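Q: I am new to this structure. Please show me how to read its features.

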Amino acid sequence: QHEGPRRVKRAWVIPPISVSENHKRIPHLLVQIKSDKQQPGGVIYSIKGPGVDEEPLGIFSIDKFSGKVFLNAMLDREENDRFRLKAFALDLGGVTLEDPTDLEIIVVDQNDNRPLFRRDVFTGRVVEGAEPGTCVMTVEATDADDPETDNAALRFSILEQGAGGMFSINATTGEICTARPGLDRESVGVYNLTLQAADMSGDGLTTTATAVIYLEDINDNAPEFTKEEFSMEVEEQAAGLEVGRVLVHDKDLAGSPNWLAKFTILEGDPEGAFAIHTDPYTNDGVLSVAKPLDHEVRDRFQLTVSVQNQQPLEPGAPGSPRALATVQVRVRDVNEAPVFRENPRRVSVPEGAPPGTPVTTYTASDPDTRQLQTLTYALLYDPAGWLQLDPHSGTVRTKRELRHPSAFLQGGWYIALVLARDDAEPPLSATGTLSIEILEVNDHAPLLQPPAGVVCGRPGRGGSLLLGATDDDRPPHGAPFHFQLSPQHPQLARNWSITRFNVTHAVLAVLVELPEGLYSLPLLLRDSGTPPREQQQLLNVSVCPCGRDGTCEDGPRAHPLPPAVLALLGAARVRGRRRALRKGLLQRSQDDMRDNILNYDEQGGGEEDQDAYDINQLRHPQLLQPRAKPPVRRDAPLRSGTPSAPRKLPSGPSDIEDFINEGLEAADSDPSVPPYDTALIYDYEGSGSVASPLSSIVSSLTDEDQDYDYLSEWGPRFRRLADLYG
C-alpha cells in the first residue's frame, strides 16, 4: 500500500530583528513572539541571555502573556553589535510547550564616531634637494564605526603647509611625499603640515593632526673667509703659542662635517714655522707657532691660507669665491738669553799646573744682534775653588794646583759651570759647562810596601819574601813596577836575588844560607811612566832560623794582651751568655766601659794608655762589616796563610786559645798594618801576674766555680765588673 508524504510540523522560528543604535524612544517594541501550541488556559513567555539576565542587564524585556519584546535602553554598536537571546513558551503549570528558540537582535551602525589619528604629531626627515615623489612618511588614522560601511571609510588631506606646496599626501594610504623640487635647508629647515582625516569617504566627520618634516643637510655650501686679509703679531722664540684666528662663514648645519672647515697654509711658510687647525666650536682657523721664530733672521711673514669643508662638496654645488685669504704676521723682537755655542767645552790641563795657568776662554753669544748689550761672566759652580774667571773676557785661569787623587775629580775630569748674563731689563742668563781633563803627570816614584819582612835564612826552604809597591800616579804612569838590588851595592847579588812575580810584585830570595839577624837591603824601584820615576829605598829583612818545614822555628807572634784582660774578656762573655739580665744592665749602663779595656798596640804604656777599644764590637759581633779578601802580607813568607774575615768570636772559654791564635795569624797576614806590628819574640816576660791564669777560664764552665771577688781589689777601673760578677 502506498502512503503519501507525511506532513512534519515546523517548530516556531523568529527571524533576526534589527534596531538602530542610539534609538531614543524608550521603551521600543521590537517584536511579538507566539507559540503554535497555545493552550486554552494561556501561555507564559520568557527570554534569557545578554541584555536580559546577563550583563548588560535590563536592556530587553518581554510581556509574559502577550510575548511582546521591548527595548528599554539606548544601544551602542561599538560596544555590542548584536544580542543572541533564548525565547521560552510554558503553560500555566510551568511545563515547556515547545523547545526554546533563538532570538537575535542586530544593532545597526550610525556614523557617531569621528576618525582618530594614531598620534597628534608625526615626524619625518628628508634630505634637502630631494627629487619630487620622494616619500617622507605615512600617517595613520582609525574610525570606531562599522568598517563595512562608509561610516569608517577615511580620506586624508593636507589642510595647510605654508608657501610653496612642497608636499602632497595620498588620500587613501596617508603617505606624504615631496611634490616639487627646490627643498633648501638653508632657506626653510622645517616644514609644519596640518593634516585632516574624514570618514564617509571624505564627506563625514573629520579630525586633524600635525606633521613636522625636517630637512637634512647636505654639503651644498662652501665655506668663505669673512675678509680677504688678516693681520697678526707674535713674539719671537715663542713655540706653540697662538698667533691669531682667521674667520669663516658656512651656511650648512653648524657642527656637522658639512660645516666644519679645514685650513691649509699654501704659501709663505717654507720652513714650516706655523701651523693652523680648526676650532670645532667656532669653526675658526687657529694659527699657531710650530717652530721658534727669530726676529733677527726674519721679522715678517705673508701667508696664503685656503679653506674647505672636511666633507666633500656635493656635485653641482657652487664653489666659494672667497676660499683664499692672506695672513700678515709680524714678529716682535724680545730680549733673548745668551747662548754658549759649545756646551760643554772640553779642555785639558796638566796635573799640578801652577796658579795663573790659562785654561780657556769660554764666552757666549747674544742672539739680540739689533740690541746693544754687554755680557758678563761668573763662576756658578767651582767645587774645589780651583779656578778664577775674568768677568768681561771669559778667560779662565787656575787659582791653585790641583793634583790626583782628588774628591773633586770624576774619572780624571773637573766639572765647572760658567754663567753668562746680559744687561737687559730684566736680564737673562745662560749656563755653560766647562769640563777640564786633568792630565796625569808622572810626579811620584813607586814606594816599597811594606818596607820590612821576615825570611828563613836557608835557600830554597822558605828563604823568600814577596815584595810589593804602590804609586800615587794614575795609569799609565804606575805599574808595571821594576824591582832591583841597588846597582851601587853589587855585593848584594851574592846573597840575594829579585825576580818578577807580577806587574806590582817581585820575590826576594836568599841565595846562600845566612845567619839570623836584621839585614838592610837598598832596593831601586822604578815605574813605567813617561818619563819613568825611580827611587832607592831600604828593605829591612829579619832572617830567622829555619825549621823542618821551611818556616821560622820561632814563628812571628803578635803583641800579647795582659793575661788579666784576656781572662776578664773571656769570663764576661761566658757569664754574659748565661745571665741576660746582667748583660742588659751592662748595655744600659751610662758609664763608658771602653776605659776598662786598654789598647796595647805595642809593649809598654800600661794603664796610662787611654786609647780604648770599642766594646760594642765585642757585644755585637754581627755589626762587624766583612771586607774583601786581603792580599798576601808582603813581609811574610810566600806560603803563609791568609785568614778569612770577619772572624767569629769564641762561643765558650775553651775556644779562647784558638781565638787568640787565629788573631795572631791574622795580624801576620794583614798587609794594612805597619811593619812594627809584626809579632815580637820575648825570651822573658816576668815571673808572674796578679791576674788569674788563662787556664782558669777553661777549668770551670759554671758561675759557682768562678770567684771574682778579687776584682774589687784592682782599683776603681774594675769596680763595675766587680759589682756584676763579684
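A: Start with one bond. The torsion about the S-S bond of cysteine 135 and cysteine 177 is about 70 degrees, so this disulfide (a pair of cysteine sulfur atoms within 2.5 Å) is right-handed. The model is predicted: local features need pLDDT of at least 70, side-chain atom pairs count only at pLDDT 80 or more, and totals for chains, interfaces and linings use all residues. Residues are numbered from 1 along each chain as its sequence is written, and side-chain values use heavy atoms, with hydrogens and water left out.

Q: Is cysteine 177 buried or exposed?
A: Buried means under 20% relative accessible area, exposed over 50%, partly exposed in between (1.4 Å probe, protein chains only). Cysteine 177 is buried, at 12%. Cysteine 135 is partly exposed, at 39% relative accessibility.

Q: How many disulfides does the structure hold?
A: The structure holds 3. Counting bonded cysteines along the chain, their pattern is 1-2, 3-5, 4-6. One of them joins cysteine 456 to cysteine 546, with sulfur atoms 1.2 Å apart. Cysteine 456 sits in strand 34 (residues 452-456), and cysteine 546 in the loop between strand 40 (534-544) and helix 1 (563-578), so this pair ties together parts 90 residues apart in sequence. Both cysteine 456 and cysteine 546 are buried.

Q: Which hand has the link of cysteine 544 and cysteine 552?
A: That link is left-handed, with -70 degrees about the S-S bond. The S to S distance of cysteine 544 and cysteine 552 is 1.5 Å. Cysteine 544 is buried at 12%, and cysteine 552 is buried at 14%.

Q: Now the rings. How many aromatic pairs are there?
A: A pair of aromatic rings is described by the distance of the centres and the angle of the planes. Rings of Phe, Tyr and Trp (its six-membered ring) pair if their centres lie within 6.5 Å; planes under 30 degrees apart count as stacked, over 60 as edge-to-face and the rest as tilted. By this rule the count is 10 aromatic pairs. One of them is tilted: phenylalanine 117 and phenylalanine 156, 6.0 Å centre to centre, with 50 degrees between the planes. Phenylalanine 117 is in strand 8 (residues 116-117) and phenylalanine 156 in strand 12 (residues 155-160), so the pair ties together parts 39 residues apart in sequence. Ring pairs link Phe117, Phe122 and Phe156 into a cluster.

Q: Where does asparagine 219 lie?
A: Asparagine 219 is in the loop between strand 16 (206-216) and strand 17 (224-225). Its relative accessible area is 1%, so asparagine 219 is buried. A polar atom of the asparagine 219 side chain lies 2.7 Å from the backbone oxygen of glutamine 311. For the backbone oxygen of proline 312, the distance to a polar atom of that asparagine 219 side chain is 3.2 Å.

How values were computed:
Helix = DSSP H or I, 4+ residues; strand = E, 2+ residues; numbered from the N terminus. Polar contact = N/O pair within 3.5 Å; in protein donor to acceptor, adjacent residues only side chain to side chain.
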